[in-house]
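Here's a quick walk through a two-chain model, for anyone who likes to see the numbers next to the picture. Have a look at the coordinates first.

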Amino acid sequence: MIDFLIGLFLASLIVALFTTRLYRLLLWYSLNSFTLGLLALGIGRSIDDNAMIITGIITIVIKAIAIPYVLKNLSQKFHFVRQITPEIKVQYAIMLVPAILVFTFYLSEPIVHMIHTNANYVAVSISSLFLSLLLMMEHKNVAPKIIGFLSMENALFLLGITATDGMPMLVELGIFFDLLMAIVVINLLFHKEELRV
Amino acid sequence: MIYYFGTIFVLVLIAPILLSYIKATKMLLLFKRPISLLQGYRNFSKLLQKETIISEESSAVTRWAPFLVLSPLLVILFFLPPVTQGAYYVSFVDAFTITGLISLSTFFLMLLGLDSASAFGGMGSSRESFIAALVEPAMVLTIFSVSLMAGNLGIGQAGVNLAEHFPKEHMASFLFAGISFFILLIAENGRIPVDNPETHLELTMVHEAMILDLTGVYLAIIESAASIKFVIFASLFASLFIPFGYGLIAPLAIGVFILKLFLIATLVAILEVNTAKLRLFKIPNLLGLSIVFAFLSLITFYVLGA
């Protein structure tokens, strides 16, 4: 089941790379975070870690529901461009995405030998880190760049819950506060943008 | 033996019902009064009674091509994975044969479009060849990676292996192959993001443009070929990617299989209602996504073993 969820995590990120509409991108980000939350719940239950279960619930509530909702409201408020065509052509992205995946899968080979539990997931989370970097790179507009940043955070979170046997609760809460701060900063940025226009 | 032929018979019978079911579901979702599930049969009998007129410009190709569109698809029906335990199946037919037979049928359909000597038919044929050329590599890759997971290159044997030992440890690459195959199912059958089967508008036509000049019996044959193509793809999806219910007793297993077919048809209908048709030059993007997923499924299987 965890394999299935991690596949869904990577799949939603790859589909997000090819979308050209903002609301559809928010939907894929929401699905991505939702699978991440379910993964945290699943892994937390299998290693019997209450902190991870709480983190999973917070992930689903904040990242899968609240942040896409807030971003959608913001985009309606500030009249964002909703057509977001990637700067990298699809033909090149089709070659680039498998190349990144193959590269990172081999890159994580030495690390995989060190970690005995859930070794594959490390490779997937590093590759999703690179893919969300690509998502940030291939767009000019600010909204998809934010989504790229947030999915990079998702990838790091996945690395955190799979590579270690549960991070300390304090660190995870700190990450969530960071995220909220980032959203506040983004909001301020938009206000500034609006003033300039 | 009886289950083997019985399944093929049921699949042929259910093919028009499935397409009518998709249409009915879409109409229901759009708050229209849905058509009857037997509409496919009604259309078929109506077309059989109609006069068959052949254009003076067309050659003998129009007379024999409709049969050659239908017959490769009928041959594929015999090669599909078994539905119940103890049924006969052909174990040695691999992905290349299935893809080859499908493209043989598509080839004759394209000839049929060209033969009517109208600009419309030629346009439809060129678009169809454009889509078919992009579908084939992804289709071979997808079925190939599923066969690798199942441990056998033959489609029938792969279906049995998947049903008996479901590859839980390869769930991620299995999911990628499933996504890829679903996109192919939509593209090959000309459903909405790729082609709109309901309109006769110039801009949206691929399949309808090629068969615009056909009437009567020939049109009936082509329409049943289209429905059988959908049933082939849906049953491949059902037995390779949803391999459950195989071990049940025979009548129940066939019932579960038919339920899975209707589930796939519902998925297609929901997708059709929720998406707009893509521009023709955006279709390579969609099919490129399917190739990415097929390739991804292979490399996750090889490198990660997940």
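This is a predicted model: local features need pLDDT of at least 70, side-chain atom pairs count only at pLDDT 80 or more; totals for chains, interfaces and linings use all residues.

Let's start with chain A.

| Property of chain A | Value |
|---|---|
| Radius of gyration | 17 Å |
| Span along the principal axes | about 55 × 40 × 25 Å |
| Residues that count as buried | 40% of 197 residues |

Why does the 17 Å radius of gyration agree with a compact globule? Because a compact globule with 197 residues would come out near 16 Å. As for contacts in chain A with a separation of 6 or more, 69% come from residues 24 or more positions apart.

Now for the contact between the chains. Chain A puts in 18 residues and chain B 17 residues. On the chain A side, the elements giving two or more residues are helix H1 (2-18), helix H4 (90-107) and helix H6 (119-137). That side splits into 15 nonpolar, two polar and one charged residue.

Over in chain B, helix H1 (residues 2-29) packs on helix H10 (residues 250-274) at an angle of about 30°, with the axes 9 Å apart. Angles under 35 degrees count as roughly parallel, so H1(B) and H10(B) are roughly parallel to each other. The crossing is right-handed. H1(B) contributes residues including Val10(B), Ile14(B) and Leu18(B), while those from H10(B) include Ile258(B), Leu261(B) and Phe262(B). By class, this helix contact has 16 nonpolar, three polar and two charged residues.

How values were computed
Residues are numbered from 1 along each chain as its sequence is written. Chains are lettered from A and ligands numbered from 1 in the order in which they are written. Two residues are in contact if their C-beta atoms, placed from the backbone, lie within 7 Å. Helices (H or I, at least four residues) and strands (E, at least two) are DSSP runs, numbered from the N terminus. Ala, Val, Leu, Ile, Met, Phe, Trp, Tyr, Cys and Pro count as nonpolar, Asp, Glu, Lys and Arg as charged, and the others, Gly among them, as polar. Axes are lines fitted to C-alpha atoms, for helices over the stretch in contact, and angles run from 0 to 180 degrees between N-to-C directions. Angles under 35 degrees count as roughly parallel, over 145 as roughly antiparallel, 65 to 115 as roughly perpendicular and the rest as oblique. A crossing is left-handed if the near helix is turned anticlockwise from the far one by less than a right angle, and right-handed if clockwise. The radius of gyration is taken over C-alpha atoms; the globule rule is 2.2 Å times the number of residues to the power 0.38. A residue is buried if 20 or more other C-beta atoms lie within 10 Å of its own, exposed if 12 or fewer, and partly exposed in between; C-beta atoms are placed from the backbone.
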